[in-house]
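Biologist: I would like to learn how to read a model like this one. Please take me through it feature by feature.

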Amino acid sequence: MRAARLIKMVLLLQSRPSMTAAELARELEVSERTVTRDAQALSEAGVPVYADRGRAGGYRLIGGYRTRLTGLARSEAEALFLSGVPGALREMGLEDAASAARLKVSAALLPSLRDASRTSAQRFHLDAPNWFTEPKSPDLLPAVADAVWDDRRVTARYRGREGEVERELEPYGLVLKAGVWYLCARVQDGGSFRVYRIDRFTAVTAGEARFERDEQFDLPGFWAERAEQFARSILRAEVVVRLSGDGVRRLPYVVDPASAREALAAAEAADEGGWLTLTLPVESEQVARTQLAGLGPEVEVLAPESLRARFAEDARRLGRLYGT
């Protein structure tokens, strides 16, 4: 543990002109007294660490010293490609590996380029979760992530619609969608690929056996296909509506955008008043009631009659609330 800390201290000093004891203590998550002892240990080992005294003082490397300990370990190299998603790294337990990788890359850069990580962080940040949601990292995510990185088969218990089931899985990839983590995995021994919500796993045990990854498997392509299938599978009902010009423009913002586009493309021409009649796939009447209510008077429900009656009742209640 101390050896790793000493290496990190050298890399920090190599990537910056000078650092105070307080700055080093914060980066290394130790006390300033420990920083002093570590600097002394490095000096005794032949690493030219020099301490400047005074208010503007700090630790620095002298004599143009450069360490060659900048080669990336496999886990560090893999984590480096996820550096733009700090929350995901933290939840998967890869934050330390990514930090070490960034330090090694920074130490290997020319002095004029060493602020690249800082300047890019100032200009780009990815915030994955949706608005108005409280993201929660699944407790079993680190275990699942380890199995994915190491191509290890897992035995998992999963809480599905029909109760809890046990599966032998080959975990291929992780997807973070709107703050929710999913596992794309193949059922062991040549089964089909499926998608599992990680927060529905109740137990995950990684075995010693590794599986042979299908190199033709395309995670982004697989996810895009399954996401489209899922979106279509939940649209089990249809409603017929009339939309004003403003309603047409706002429709993709209140219902599934793909379904809205398809319904608008299939609709006939607008009537003399500019209103467009179309058939819209929806999840259910209740969901359609909630979604279409966002269009207010820019939509008229024509069918089914039960949904039209609900909107009529809602209109009467609004009239009583706002009428004179």
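Modeller: Start with glutamate 228. With a relative accessible area of 46%, glutamate 228 is partly exposed. Buried means under 20% relative accessible area, exposed means over 50%, and partly exposed lies in between (1.4 Å probe, protein chains only). Keep in mind that the model is predicted: local features need pLDDT of at least 70, side-chain atom pairs need pLDDT 80 or more, and totals for chains, interfaces and linings use all residues. Residues are numbered from 1 along each chain as its sequence is written, and side-chain values use heavy atoms, without hydrogens and water.

Biologist: Which side chain meets glutamate 228 in a salt bridge?

Modeller: Side chains of opposite charge can pair when their charged atoms come close. The cut-off for a salt bridge is a side-chain nitrogen of Lys or Arg within 4 Å of a carboxyl oxygen of Asp or Glu. The partner here is arginine 232, at 3.4 Å from N to O. Helices are DSSP runs of H or I with at least four residues, strands are runs of E with at least two, and both are numbered from the N terminus. Arginine 232 is partly exposed too, at 45%.

Biologist: Which residues do salt bridges that share partners join into one network?

Modeller: Asp150, Arg152, Glu208 and Arg210. The structure holds 21 salt bridges. One of them joins arginine 60 to aspartate 52, with the closest N and O atoms 3.0 Å apart. Arginine 60 is partly exposed at 29%, and aspartate 52 is partly exposed at 28%. Another links arginine 157 with glutamate 166, at 3.1 Å between the closest N and O atoms. Arginine 157 has a relative accessible area of 29%, so it counts as partly exposed. Glutamate 166 is partly exposed as well, at 44%.

Biologist: Now the rings. How many aromatic pairs does a search of the whole structure find?

Modeller: The search finds 10. Rings of Phe, Tyr and Trp (its six-membered ring) pair if their centres lie within 6.5 Å; planes under 30 degrees apart are stacked, over 60 edge-to-face, and the rest tilted. Take tyrosine 158 and phenylalanine 201: the ring centres are 5.3 Å apart and the planes stand at 70 degrees, so the pair is edge-to-face. This pair links distant parts of the chain, with tyrosine 158 in strand 3 (residues 152-160) and phenylalanine 201 in strand 7 (residues 201-210), 43 residues apart. Both residues are buried.

Biologist: And tyrosine 172 and phenylalanine 193: how many degrees lie between the planes?

Modeller: There are 85 degrees between the planes and 4.9 Å from centre to centre, so by the cut-off for planes this pair is edge-to-face. Tyrosine 172 lies in strand 4 (residues 163-177) and phenylalanine 193 in strand 6 (residues 193-197), so the pair ties together parts 21 residues apart in sequence. Tyrosine 172 is buried at 4%, and phenylalanine 193 is buried at 16%. Ring pairs also link Tyr172, Phe193, Phe211, Phe217 and Phe222 into a cluster.

Biologist: Which residue lies over the face of tyrosine 172?

Modeller: Arginine 213, at 4.8 Å from the ring centre. A charge sits over a ring if NZ of Lys or CZ of Arg is within 6 Å of the ring centre and within 35 degrees of the ring normal.

Biologist: In the largest nonpolar core, which residues touch the most other members?

Modeller: A nonpolar core is a set of buried Ala, Val, Leu, Ile, Met, Phe, Trp, Tyr and Cys residues joined through side-chain atoms within 4.5 Å. Of the 19 residues in the largest one, Val239, Val241, Leu243, Leu251, Leu278, Leu280 and Leu292 touch the most other members. Several elements each supply at least two residues, including strand 8 (237-243), strand 9 (276-282) and helix 13. Strand 9 gives the most, with 4 residues.

Biologist: What about the backbone? Which peptide bond is cis?

Modeller: The bond from alanine 303 to proline 304 is cis, with omega near 0 degrees. Proline 304 sits in the loop between strand 10 and helix 13. Glutamate 29 has phi near 60 degrees, a positive value in a residue other than glycine. Glutamate 29 lies in the loop between helix 2 (21-28) and helix 3 (32-44), and is exposed at 74%. Aspartate 151 also has a positive phi, near 55 degrees. The place of aspartate 151 is the loop between helix 8 (141-150) and strand 3.
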